[in-house]
Amino acid sequence: PFNREQEIEACAAFLQSASKIAVLSGAGISTESGIPDFRSSNGLWQKEEVREAITRSCFSRQPERFYYYFSQLFLSWTDIKPNQGHLALADLENEQGKWVGIATQNIDGLHQVAGSKQVIELHGNLRHAVCQKCGTAKVMNGIKEKLENKMIPLCDCGGILKPKVVLFGDPLDMQEFRKAQIWMAQADLIFCLGTSLTVTPANTLLQHRRHDSKLVIINLEATPYDREADYVFHAKVGEILPVIVQKSQTGD
Ligand code: OAD
């Protein structure tokens, strides 16, 4: 019964009256920056060998194979910049003074580059690597050269360095996950942005939301949570979110 314009107005009104906003973002918020997502037709997981290689078990058994695929991914992301979607969230926090807590499944760090300050990286990040033997943390950029030369990055102690990302088969940081649950429980407005909402436990965060909170989903494709949402936009985050944010500010 509503057209898109009216739905955007309604979301802007939610935003205007919300005091705490929680965001669950996924790979779809970064596709407009040029990073492929996982499950779309051109997604990273379409190739079985990539899906199998970027896992905990492959890292443990065949680190050369893991790094062969991982470095293609890591090395191709160096000139990536935040897009209108990331920037709209940062504006909400920095320009409008809203409380915004972002739980992201992304490892690209683009929310922070955009200026968002409260970001939980549920699946880790690409900035750091940790030695599997002595536990020392290293900066990923420092090991870029080794990856370019197709070498396995090693710590000074000889142990293999693992990027600080959560691979299939790895546990999440439970302390951070618990914090994200609390953000969801405290929020009066929740945005799910560019995520298929099919990956557990990240998608279970939505179960922690309050019954009287509002849920807005912006994702190109349908998600299993669409019917629970107040508004769903099957559109690009970068096209819809900045308009909602701008309208909430000006009230027009
Ligand atoms: P998916 O690839 O599962 O979902 C991304 C969603 O974003 C898809 O449903 C797309 O339709 C949608 N999309 C793409 N571009 C968009 C755009 N510009 N605007 C709006 N929507 C867009 O990625 P995630 O949900 O992030 O985990 O996947 C979750 C986790 O699965 C990842 O963190 C990763 C993966 O396996 C690990 O590797 C542990």
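# A first look at helices, strands and loops

Let's begin in a loop: Lys150 sits between helix 7 (144–148) and strand 6 (161–165). The model you are looking at is predicted. Lys150 has a positive phi of about 60 degrees, although this residue is not a glycine.

**Loops and backbone details**

- Is Lys150 buried or exposed? Lys150 counts as exposed, because it has 10 C-beta neighbours inside 10 Å.
- Leu197 also belongs to a loop, the one between strand 7 and strand 8. Its phi is near 55 degrees, a positive value in a residue other than glycine.
- With 20 C-beta neighbours inside 10 Å, Leu197 counts as buried; the cut-off for buried is 20 or more.
- Pro201 has its place in the loop between strand 7 and strand 8 too. The peptide bond joining Thr200 and Pro201 is cis, with omega at about 5 degrees.

**Helix 8 and its two sides**

- Helix 8 covers residues 174–186, which makes 13 residues. From first C-alpha to last it reaches 18 Å, close to the 18 Å expected at 1.5 Å a residue.
- Which residues of helix 8 are buried? They are Ala180, Trp183 and Met184.
- Looking down the axis of helix 8, you will find these buried residues within an arc of 100 degrees, so they line one face of the helix.
- As background, an α-helix has 3.6 residues a turn, so residues three or four places apart point the same way.
- Turned away from the buried side of helix 8 is a face with the exposed residues Met174, Gln175, Arg178 and Ile182.
- What do the buried residues of helix 8 pack against? Their partners are strand 1 (20–25), strand 2 (99–104), strand 3 (119–121) and strand 7 (189–193).

**Helix 9 and its partner, helix 5**

- Helix 9 (residues 237–250) has 14 residues and reaches 20 Å from its first C-alpha to its last, close to the 20 Å expected at 1.5 Å a residue.
- The buried residues in helix 9 are Val237, Gly238, Ile240, Leu241, Ile244, Val245 and Ser248.
- Those buried residues pack against helix 1 (4–17), helix 5, strand 7, strand 8 and strand 9 (231–233).
- Two packed helices are described by the angle between their axes and the distance between the axes.
- For helix 5 (residues 84–94) and helix 9, the angle is about 20 degrees and the axes are 8 Å apart.
- Angles under 35 degrees count as roughly parallel, and helix 5 and helix 9 are therefore roughly parallel to each other. Their crossing is left-handed.
- Where do the two helices meet? Helix 5 brings Gln84, Gly85, Ala88, Asp91 and Leu92, which meet Val237, Gly238, Leu241, Pro242 and Val245 in helix 9.

**Lys214 in strand 8**

- Lys214 is found in strand 8, which runs over residues 214–218.
- Why does Lys214 count as buried? Because Lys214 has 22 C-beta neighbours inside 10 Å, and 20 or more make a residue buried.
- Setting aside neighbours within four places in sequence, the contacts of Lys214 are Phe14, Asp188, Leu189 and Asp230.
- How far apart are Lys214 and Asn83 in sequence and in space? They are 131 residues apart in sequence and 25 Å apart in space, C-alpha to C-alpha.

Definitions and conventions:
Residues are numbered from 1 along each chain as its sequence is written. This is a predicted model: local features need pLDDT of at least 70, side-chain atom pairs count only at pLDDT 80 or more; totals for chains, interfaces and linings use all residues. Helices (H or I, at least four residues) and strands (E, at least two) are DSSP runs, numbered from the N terminus. The expected span of a helix is 1.5 Å times one less than its number of residues. A residue is buried if 20 or more other C-beta atoms lie within 10 Å of its own, exposed if 12 or fewer, and partly exposed in between; C-beta atoms are placed from the backbone. The arc is that of the directions from the helix axis to the C-beta atoms. Two residues are in contact if their C-beta atoms, placed from the backbone, lie within 7 Å. Axes are lines fitted to C-alpha atoms, for helices over the stretch in contact, and angles run from 0 to 180 degrees between N-to-C directions. Angles under 35 degrees count as roughly parallel, over 145 as roughly antiparallel, 65 to 115 as roughly perpendicular and the rest as oblique. A crossing is left-handed if the near helix is turned anticlockwise from the far one by less than a right angle, and right-handed if clockwise.
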